[in-house]
Amino acid sequence: MSTPATLSSSSSYTGHLTNGDPRLAKASYKPTHPGSFEVTFREGEYNSCLVALKSFPKGSVIAMMSHATPSKTIRYSTVQVSETEHIELNSDLLYCNHSCSPSVHFNVSGPANTWRAEALRDIHEGDVLEFFYPSTEWDMSQPFACSCGAKNCLSSISGAKHIPSDVLASYVVNDHIKRLKAEQGQAQP
Ligand SMILES: [Zn+2]
């Protein structure tokens, strides 16, 4: 099992370098938020998930995104924080998967020092932490078929650009997504 020869000087977090391979990721895993949440590794690519280690009341901050660094490349692991900017989380928040009925909101509407993961509902110890990818992503680099099991599952997730306004309106999304959706609406005849 080889490890990357060089790491970014800005971070030693390597989860996003494993391309979803749980064997690679588990081998070097050190929780970034012990006591708050940790990764449960599962066989298969992109099957691992993030699990709460304590309760988080609705509206509370689960974690600040204080490890985030700008990313010029849009990847499965990046999060969009404005019309043009993307970040690597460099923490276990990377394993917060998509759900069409999310428990977590990645709030990136304010300045970088306010970026945070918030509880959208009361979260209990053992709950899987999931957010709604189109709440940050406009047009995704890796669209996928969703099997989250939610009643309102959107089936195909490819970013907010591809979701009708009335459907998107039922979700908590970031300001850049609201702006892009409004522009898209104005551009159509
Ligand atoms: Zn779904």
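This is a predicted model: local features need pLDDT of at least 70, side-chain atom pairs count only at pLDDT 80 or more; totals for chains, interfaces and linings use all residues.
In which sense do strand 2 and strand 10 pair, and over how many bridges?

Residues are numbered from 1 along each chain as its sequence is written, and side-chain values use heavy atoms, with hydrogens and water left out.

The protein contains three helices and twelve strands; these are DSSP runs numbered from the N terminus, helices being H or I of at least four residues and strands E of at least two.

To the opening question: strand 2 and strand 10, the latter covering residues 128-131, pair in the antiparallel sense over two bridges. Two strands are said to pair if DSSP finds at least two bridges between them. Leu 50 stands opposite Leu 129 in strand 10. Strand 2 also runs antiparallel to strand 1 (residues 37-40), joined by four bridges, and here Thr 40 has Cys 49 as its bridge partner.

Within strand 2 (residues 49-52), Cys 49 and Val 51 point one way, Leu 50 and Ala 52 the other, and all are buried. Buried means under 20% relative accessible area, with a 1.4 Å probe and protein chains only. Of the 189 residues of the protein, 46% fall in that class.

Finally, among contacts between residues at least 6 apart in sequence, 60% join residues at least 24 apart, a contact being heavy atoms within 4.5 Å. The C-alpha atoms fill a box of roughly 55 × 35 × 35 Å along the principal axes.

Definitions and conventions
Buried means under 20% relative accessible area, exposed over 50%, partly exposed in between (1.4 Å probe, protein chains only).
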